[in-house]
Amino acid sequence: MLMKTASQSLTEQLCARFAERIRSRLLAPGARLPSVRLCAQQQGVSVSTVVAAYDQLLAQGLVVASKNRGFFVRDASLNPARAPVNKAQTATKSIAAAPAGAGPESAAPLAAWSTATWMATRQAPIDATALIRGMFHKVSNKPQPGMGVFPPDWLETSFMPAAVRKVTSVNALRDFSLQYGEPMGDAGLRRALSQKLSSLNVHAVPEQIITTVGATHALDIVSRTLLRAGDCVMVEEPGWAVEFARLDALGMRILPVPRRADGPDLEVMAQYCEIHQPKLFVSVSVFHNPTGYCLTPGSAHRVLQLANQHNFHIAEDDTYSHLAPEHATRLCALDGLQRTIYVSGFAKILAPGWRVGFMAAPPDLVERLLDTKLLATLTTPALLEKALAWCIDQGQLRRHAERIRTRLDQARARSVKLALAHGCTFAAEPAGLFGWVETGVDTDALAQRMLDEGYLLAPGSLFHAVRKPSTLMRINFATTQEAAFWKVFARLRDGL
């Protein structure tokens, strides 16, 4: 709630609040601001205060006004007067390529998609980049339920500083810091990763492993190597918001594959293969984001059969491998790295700032993937890679992961209990880091209200290739185990 102060009027405070959200993309280009009356009601101020604040936003060029329709966040790349309409038209283009039978939505006429997309833009959505920005610029000091990382205190260790000291002796620094690192990545780390992968039944020699600047960088290298603008890519839906946004930015045609408890919808995949000849399938087999589902052996075998029959590759994102049992089903283990590319990293479990990831690839793809890496980054930070290799070799990473898993199990139990007590249900059995929660209200609208209370949510619409209103939200079990969040959540939800 806004409070009048000696230094800033209510109008200035309200204008500053919206301006910050627009600049940080918590309000996306084309998003509609709340109506004047609704905003006045939400913020506890007069209508005239809201009108004056919106006028200031207009003067700053942050919003545009449309007669009889309201105020919209300005998209500098578009004609401001037409921004909301163009936004909907642009989002509709990616749907036109969806084959019949891909799900109930894909069978709808194009006009229906346009309406759904337009409704999504009216809800002032939080987008994928807003979540990323939230990782670097905190909304508040409160635990953030929408973030995809562990709280910093969970990741504090004594062995990581020791590892850095170990590899930064005078002689060591002289040997590797005055020249570029190895193009494939530090040899010691690749040997350690090869041994670690063998415990997951993924057999890759060090020569098949390439280090990257995080797992997202690895996925980007795969996409840039195997695809060209306009190519079709199958991606699980709901799925990781950043992956949808990244592929869309590269100009790919995204084919959403419904994710079920046992794996991807095989019938939809088969139809896509017959009609669109996709070149890549991006999958999270273990502790799928956001549902927490894990792939079953039967589903995995059928996916690999489709890949062989229709000649496409599979990028298996195993970002959450450190939280999962070793015996969990992985496509790469069954395929032996023939059509599959294994991707993982250490930002989630160990050191977000180190940005060390890697991929293990079929031998015939290694050189092509390496060329793409070299064109983008030349090499990766040898110092951090050597320190990580020491953490793995000494068993420190394994013990740290065990501690995190124990703590996460406890946090999950508390979060689930609180969610159920506050009237929520789970759309998927709670597992891993994330919960897929049914709220009963539009979570785009709820997310904007929660921002006023200092909480960043991850609304369900984020996890679809084309945004549409959703009553689901993804929560992080590590940051939703406090009753204070759920009390605020229930109050604002009930207000909707």
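## Fold report for a predicted model

Take contacts, meaning heavy atoms within 4.5 Å. Among those in the protein between residues at least 6 apart in sequence, 73% join residues at least 24 apart. The model is predicted: local features need pLDDT of at least 70, side-chain atom pairs count only at pLDDT 80 or more, and totals for chains, interfaces and linings use all residues. Residues are numbered from 1 along each chain as its sequence is written, and side-chain values use heavy atoms, with hydrogens and water left out.

The protein has 496 residues, and 56% of them count as buried (under 20% relative accessible area, 1.4 Å probe, protein chains only).

Secondary structure comprises 20 helices and 13 strands. Both are DSSP runs numbered from the N terminus: helices are H or I of at least four residues, strands E of at least two. Strands pair if DSSP finds at least two bridges between them.

| Pair | Residues | Bridges | Opposite residues |
|---|---|---|---|
| β1 and β2 | 63-66 and 70-73 | 4 bridges | Val64 and Phe72 |
| β12 and β13 | 458-459 and 472-476 | 2 bridges | Pro459 and Met473 |

The β1 and β2 hairpin has 3 residues between its strands. Asn68 takes a positive phi there, near 65 degrees.

The β12 and β13 pair belongs to an open sheet of 4 strands. The order is β10-β11-β13-β12, with antiparallel pairing. β10 (425-426) and β12 (458-459) are the edge strands, each pairing on one side only.

Note on methods: Buried means under 20% relative accessible area, exposed over 50%, partly exposed in between (1.4 Å probe, protein chains only).
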